[in-house]
Amino acid sequence: TSSVLSKDKDKSAASKDSTPEGAAKRQEDGAEKRKQQLLDIIGNMKVEVSYRKKLQQLKASENKKQAMNKLEGPDSEGSMPHGITEDTQRGKPLNPELVKAASAVASSLPSNKKQTESELLAQLRRHEETTDKQKKGGIINIRNVISEMTIKRQSPAQRAARISGRISLQLDEDGQRIRRERSSAQSVDSRSLKVGKRLNIFTKASTEPEHALKTVSSPTIWDLEFAKEVAAVTAQPPRNGFEEMIQWTKEGILWEFPIDNEVGMEDDAEFHEHVFLEKHLEGFPKEGPIRHFMELVICGLSKNPYLSVKQKVEHIEWFQKYFEEKKELLQEI
Amino acid sequence: MAAAALCWALRAVRQVLPSPCPRQVRSYYVDWRMLRDVKRRRMAYEYADERLRINALRKNAILPKELQEVADKEIAALPRDSCPVRIRNRCVLTSRPRGVKRRWRLSRIVFRHFADHAQMSGVQRAMW
């Protein structure tokens, strides 16, 4: 700006000096000098300075020039207030500084001054309108939408499930392909849809009856079947011997190591219940061959390590029942 | 009777595993004789306890003989396939009734076939 001021002073000094000469000639010189001035300013100014600032500076320089020229000729002064009044009449009150700057630029350009001025002002007005609209709006700010979006990263399990889902050729009863609706919904849920700012794009749908239905019966038959299907599809063939052995152990073909001799045998009874079985002989007669026979049976059972207490008791009860059925026969003897 | 036999045959057909693992699955019995053998084994398992108890009554020196005769009649009344004597240890793969080694449940021909292809663990050609 200092360079501009210095140039103004020089120009004014030069204009002062040349006042007694022809006014037109002076104006032409002034126009040329002003153009040069504009170019110099644009060349010297840094890129950071906005257009408005440039215009303001121009306007400042023009005002000073006009202030100097006021004393000499009132021609240029007349055009200014007319332009301002016209603009204010049109509608929204534009920034008066902007208006002045626009008029200064128009005056500096060689073409028709008033036309360029009006065009510049119209552009300014449009600019103002768009900025106002943006300020009032702001409902759907695209920045909010984009901020929430992140690069989607699939976990290897999800990728495997997706690939296996594509490859699967199993058909339902109706002959339709397997539907992967639930798996896709689960993969979206893992990124937590409900976190972050609300965008207010969609209206909230009523979700109450769905919740009520879900809590009634949790593991339906279809859920179990679907779980089985998923397990069957995702079960890849074993890559090596270890995985094969793991699979066999799960299925029950292979025992678990170290070998547990009492797998499947959950006998909570103490040894005395195995050995001392005389208390079960209360239903039998105390004397006679039957008693003799039953004592032998009990002796044999007490030495048997392979039967559980329950089985032994059942054995004795069977005999009791059998002898009760044959009571009539026995009494004949 | 034919329907019952068909039912038995259907029950004999085992379900194919849903997983895509490449493993041999036996879905049919080799022949009808093998099927009958399977039936006999199942029956024998069902009536094993009863047969044991009734035989204990029979093979007795203490109980009166009348009781033992009644027990004889009872055991004879049981279904014929329930006795374990009727079970024949057939070859598991070919259903051959003779020449079956108990340890491997295979007939001598199948055993030799697998042993020569080194598919029997710990089995070697004898040489001394």
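**Exercises on burial, contacts and secondary structure**

**Exercise 1.** Determine whether B:C83 and B:C91 are buried or exposed.

*Solution.* Begin with B:C83, whose relative accessible area is 15%. A residue is buried under 20% relative accessible area, exposed over 50% and partly exposed in between (1.4 Å probe, protein chains only). B:C83 is therefore buried. Next, B:C91 has a relative accessibility of 0%, so B:C91 also counts as buried.

The model is predicted: local features need pLDDT of at least 70, side-chain atom pairs count only at pLDDT 80 or more, and totals for chains, interfaces and linings use all residues. Residues are numbered from 1 along each chain as its sequence is written, chains are lettered from A in the order in which they are written, and side-chain values use heavy atoms, without hydrogens and water.

**Exercise 2.** State how many disulfides the structure holds.

*Solution.* A disulfide is a pair of cysteine sulfur atoms within 2.5 Å. Over all chains, the count is zero.

**Exercise 3.** Describe the surroundings of B:Q68.

*Solution.* First, locate the residue: B:Q68 lies in helix α4 of chain B, residues 65-77 (a helix is a DSSP run of H or I, at least four residues). Second, consider its accessibility: the value is 13%, so B:Q68 counts as buried. Third, list its contacts (heavy atoms within 4.5 Å). Leaving aside residues up to four places away in sequence, B:Q68 touches B:L57, B:R58, B:N60, B:A61 and B:L63.

**Exercise 4.** Summarise chain A by its helices and its buried share.

*Solution.* Chain A has 16 helices and zero strands (a strand is a DSSP run of E, at least two residues). Of its 333 residues, 19% count as buried.
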